[in-house]
Amino acid sequence: MGFVSTILGFCGFGVGVSVGLTVGYYLFIYFQPSDVKDPVIRPLVERDTKSLQQLMSEIPLWVKCPDYDRVDWLNKFLEYMWPYLDKAICRTAKDIAAPIIAEQIPKYKIDSVQFETLTLGCLPPTFQGMKVYVTDEKELIMEPSVKWAGNPNVNVAVKAFGLKATVQVVDLQVFAAPRITLKPLVPSFPCFANIYVSLMEKPHVDFGLKLLGADLMSIPGLYRFVQETIKDQVANMYLWPKTLDVQILDPSKAMKRPVGVLHVKILRAMKLKKKDLLGASDPYVKVKLTESKLPSKKTTVKHKNLNPEWDEEFNMVVKDPESQALELSVYDWEQIGTHDKMGMNVIPLKDLTPDESKTMTLDLLKNMDANDAQNDKDRGQIMVELTYKPFKEDELPKDIEDNDAAHKVLEGTPPGGGVLMIMVHEAQDVEGKHHTNPYVRIIFKGEERKTKQVKKNRDPRWEEEFTFVLEEAPVNDRVHMEVVSSSTRIGLLHPKEVLGYVDINLSDVVSNKRINEKYHLIDSKNGRLQLYYFGGWKVERLWRQRRSLKDG
């Protein structure tokens, strides 16, 4: 009797619990309280202090903080593009996750892990505002405030030991304040070489996690534990000053900094054709590197000579030996009118062996079109000697006080191996009395260079680079920089006026390798000029070694 009553008691308890849970669930779902009222909408001026403080978290940053900019255009862009971005991001995420999952699952004896459903939903993230920083470096710093309350649907099926479990992520919320830095800025698309991302504060991440249809986040204590774990793990990886680095371009190739010096010696030309009426020619040679903005270098003119000898040398800065080529053009000088082209040829720098002199005799052609029949005509020949000297940082002694090593390096250093690069960034608060159309004149060792002219601008920006090949360290040299304005009208009484100038001692460049500074312009009320100087990699060290050897 006791046994039967015990069995009936257990059955009654089980039935009662089941019925109670079922009735309670349906009452909770379908029972609607009758005392619920619609909220009263009132103007902000009628709100009390406590209510306003509760609303502050919902006000966009561009309202609360004047240094944040409004970016509604970006939110509108995301709204229209989100259906396409959703598919692209999900496809990329699958491609990235596939090899990682395939590598990890054997360690845990799992048969397979697959995405049954992966979509980010129809609600895009929104930018509450964006702060942009202006610095003197070649970089762009942005701090957006991002909020995303999305409705993603992510279903992951895990199979192990013949069983299958499905995990679903729903109702995702992410609030973050990242710092995005694009640097260095380069003149090649997309105009920046690296992306650096870091978080300025711990992100807020909230989501629902369902296993076999049950919400795991409803388990007491689990929700807070998951929240804090995610915040701590993300902060350990990306909280400022730690960054996520993404390389977009190779900075050395994108910036196209000097990597070597090409020594060109124009020896002679043979069997040139007659261009003048009196049966002779007045030849000279133009020398230029392709993909370079620098003007061509010229030899002297050899009058009335069809077999001229020059023996003239030139040093040219090389930025990309794989793609650049030396272009040689022979012209017949004319006192009046245009100079007649007698022939040309091109030598790819990739055909030269570094640190080895090569003497070449080239046929003069009309152009570089291999299918042009006129290139078969005899136009004479030109003989040149070329030596490409790349900068090799690893060949230099690590300790510049090592005199023996310094002497050894100096013995193998060719003359003219030094490179000085000057980058003209911008000027600020420059203003002329009669006009303000500024450009910059650079005068160094008798050589003059100019930037382009910016019309009607008190804060012009140029971002132009100038390179000088040097035979020795500019320890005692100065470079003269002046901002000049020229009138765009003909017949003005004041066609040019100097808006300010500065003389800069280059010994600091030799000592510090690079300088990025703003200089106050002399004879200008508030004018400033920002410049960037860089001494050639290998040669810069040699300059300092030469100084130490002389002082010793």
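Author: Start with burial: a residue is buried under 20% relative accessible area, exposed over 50% and partly exposed in between, using a 1.4 Å probe and protein chains only. The model is predicted, so local features need pLDDT of at least 70 and side-chain atom pairs count only at pLDDT 80 or more, while totals for chains, interfaces and linings use all residues. Side-chain values use heavy atoms, leaving out hydrogens and water, and residues are numbered from 1 along each chain as its sequence is written.

Now the rings. A pair of aromatic rings is described by the distance of the centres and the angle of the planes. Rings of Phe, Tyr and Trp (its six-membered ring) pair if their centres lie within 6.5 Å; planes under 30 degrees apart are stacked, over 60 edge-to-face, and the rest tilted. The structure holds 2 aromatic pairs.

Trp82 and Trp148 make an edge-to-face pair. Their centres are 6.0 Å apart, with 70 degrees between the planes. Helix H4 (residues 72–104) carries Trp82 and strand S3 (residues 140–149) carries Trp148, so this pair ties together parts 66 residues apart in sequence. Helices (H or I, at least four residues) and strands (E, at least two) are DSSP runs, numbered from the N terminus. Trp82 counts as buried, at 6% relative accessibility. Trp148 is buried too, with a relative accessible area of 13%.

Tyr284 and Tyr331 also pair. Their ring centres lie 5.8 Å apart and their planes meet at 20 degrees, so the pair is stacked. Distant parts of the chain are linked here: Tyr284 belongs to strand S12 (residues 283–289), Tyr331 to strand S15 (residues 325–332), 47 residues apart. Tyr284 is buried, with a relative accessible area of 5%. Tyr331 counts as buried at 17% relative accessibility.

Some rings carry a charge over the face. The test is NZ of Lys or CZ of Arg within 6 Å of the ring centre and within 35 degrees of the ring normal. Lys147 places its charged end over the ring of Phe175, 5.3 Å from the centre. Arg179 lies over the face of Tyr133, 5.4 Å from the ring centre.

Thr181, in strand S6 (residues 178–185), is buried, with a relative accessible area of 11%. Contact means heavy atoms within 4.5 Å. Leaving aside residues up to four places away in sequence, Thr181 touches Glu139, Leu140, Ile141, Asn194, Ile195 and Tyr196.
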